[in-house]
Amino acid sequence: YAVGGGLFIIGLFFIFSCITNDIPYPYQPGDILSIEVEGQERASDDGSAATIIDNDKKTVSLFVNDSVNISRLKITRLTVSPNVTLFPDSAACVDYALFPRKGFPSLDSLPQSSNTRMNFSVPVKMRLKTYQEYDWTISVKQVIHREIDVEHMVRYEIDPEARNVIIYVAKNQSLSTIKVHKMTLGGRYGKVYPDPASVFDFSSPRTFMVYSAGDDEKGTRWTVSVFQTDEVVKEISSVFPMVNKAILSGVNPTKGSLSIAYKQQGTATWITLNPASVSEDGTAFSATIEGLSPATSYLYRVSVDGQPGEELLFTTVKALPLPNGSLDNWSQDVVNPRLFYPWGSGEAPFWDTGNRGATTIGNSNSVSTTETATGMGLAAKLESRFLLIKFAAGNIFTGSYVRTDGTNGVLSFGRPFTSFPTKLRFHYKYKPEKINRIGDEQWLSLKGKPDTCLVYIALTDWDGPKEIRTRPSDRSEFNKNDPRIIAYAEMISGETTTAYQQIELTLQYRFLNRIPKYLLIVATSSKYGDYFVGGEGSTLWLDNLELLYD
């Protein structure tokens, strides 16, 4: 028996030694899906991005302000493709042994002993490993905002490489009595010595020591020169009309006494704006005219030292209502009666849900209900369920469901919209369950915790609707820090509410000089539902959504 067994083993050896291992490993992508660091901000004030991820080139470009030390920069969020192990550059890590080996949606999801700080003084390499290996390069650029404001200034030039500044002032401005209102050569968070406001004589070039934030030892030497010029700066003002208000901005180069007045077109009486509504910063000024009527024409004028300027015309924007904000209008698909739509039969859709994806393997989990806030009409009932093979959160959004990609959805976020609401008001109630479905191991820290619902509103100037894809290997998600978002507000709640509550979300406008093109409102019963994470049975009821224009 022993001999026979030995011959059997020898025979197997010869058989398997003839078999080559030519079965390829399955392809699994190694992509950085999102990354955030402390001190992050847009590359410029025109809405450019704070993070640029290029999956083809495997590069990430990050932009931070001058308040942080990029040699010890903390990564606060790093999400990656499923089943990825992280191998950061050990030389760049402040503590390589304590750097996470898996992606993390927030620092709260990491052990307290973790250390995500890295030295980004030069581009950093990071390897993402699945069955394959993917080498990424992460670069950080520090954006330093330098501003100059001098009384009677015409213009200025800054050469950061040569550390040289040239300021041009009016011909009648004495170079020995220069008043400096602002000279942030070290950025918004840096320091300049001596204090430029204490220096008046610029009849010859002056030298200043400039220190970045947190650096009181290693400064750089800058030279500032002031020259007179024949160029003339006229009083300049512009207006940005909204619905019930208008934002004025301009330049007052002489720093004279400023007064702003306005009136409705066709009327005789001018209304002088309260001085408290006018803000002056050096020679620049801004003001807000409030209490205006929508879609109405007004005149305004700016006076300096009692001399009225040109009368200029503007028209406020129309207050647009929210289509089917009551959520009373619903219909069912004729061919597939399990499929519910949040619009009435024959109506043009404004809202949509993920029901077309859910009904490929189950029933709609975003439906109408007679359980409303007022006892009349209909409301939306959004329920998180596990549909045979995949977790699906109940949801509703302004936009459209485009197609189903396997068991994943492709959505179109946003509907055309060109007004300026101040708030989103609605009724809601919520029944959360404990999170028992985890789409990927990077979310394991959430298991067993109470689920949370999410409702948010965004005004954007996207060139078109935003395509959202939930397939992990081809994910495209909504980012509330998208530089194309003009205004944003959200509600996140994990509290059980057995009766409807009314809430108002106040929109925070990030830009007051850009006109919205799209309105996005999203509500979901599980905040991380797009990652297939949540609690089965978590339910959000939503009713009577309304845009307010205060």
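Student: Which residues is Leu-107 in contact with, leaving aside its neighbours within four places in sequence?

Tutor: In this predicted model, Leu-107 is in contact with Lys-74, Ile-75, Thr-76 and Thr-116. Contact here means that heavy atoms lie within 4.5 Å. For Ile-75, 32 residues away along the chain, the C-alpha atoms are separated by 8.5 Å.

Student: Where in the chain does Leu-107 lie?

Tutor: Leu-107 belongs to the loop between strand E5 (85-88) and strand E6 (117-118).

Student: Why is Leu-107 called partly exposed?

Tutor: The relative accessible area of Leu-107 is 32%. Buried requires a value under 20% and exposed a value over 50%. The 32% of Leu-107 falls in between, so the residue is partly exposed.

Student: Is Asn-395 buried or exposed, and how do you know?

Tutor: Asn-395 has a relative accessible area of 17%. The cut-off for buried is under 20%, therefore Asn-395 is buried. Asn-395 lies in strand E32 (residues 395-405).

Student: What does Asn-395 touch, not counting residues up to four places away in sequence?

Tutor: Asn-395 touches Thr-353, Gly-354, Ser-366, Leu-382, Ala-523 and Thr-524.

Student: What makes the pair of Asn-395 and Ala-393 a polar contact?

Tutor: A polar atom of the Asn-395 side chain lies 3.0 Å from the backbone oxygen of Ala-393. The limit for a pair of N or O atoms is within 3.5 Å, and one must be able to donate a hydrogen and the other to accept it. At 3.0 Å, the pair is within the distance limit.

Student: How much space lies in the second largest pocket, and which residues are closest to its centre?

Tutor: The second largest pocket holds about 640 Å³ of space. Of its 23 lining residues, Gln-142, Ile-144, Arg-146, Ser-212 and Thr-220 are the closest to the centre. Strand E14 (206-211) and strand E15 (220-229) are the elements that give two or more residues to this lining.

Student: How do the residues of that lining divide into nonpolar, polar and charged?

Tutor: The lining of the second largest pocket has nine nonpolar, eight polar and six charged residues. Arg counts as charged, so Arg-146 is in the charged group.

Student: What are the figures for the protein chain, in strands, helices and buried residues?

Tutor: The protein chain has 42 strands and two helices. Of its 550 residues, 45% are buried. Among contacts with a separation of 6 or more, 67% come from residues 24 or more positions apart. The C-alpha atoms fill a box of roughly 110 × 65 × 35 Å along the principal axes.

Methods
Residues numbered from 1 in each chain as written. Predicted model: local features only at pLDDT ≥ 70, side-chain atom pairs only at ≥ 80, totals over all residues. Heavy atoms only, no water. 1 Å grid on protein atoms, 1.4 Å probe; cavity = no way out; pocket = protein on both sides within 12 Å on 5 of 7 lines; lining within 4 Å. Points joined across faces, edges and corners; volume = space filled by probe spheres on them. Helix = DSSP H or I, 4+ residues; strand = E, 2+ residues; numbered from the N terminus. Buried < 20%, exposed > 50% of the residue type's maximum accessible area, 1.4 Å probe, protein only.
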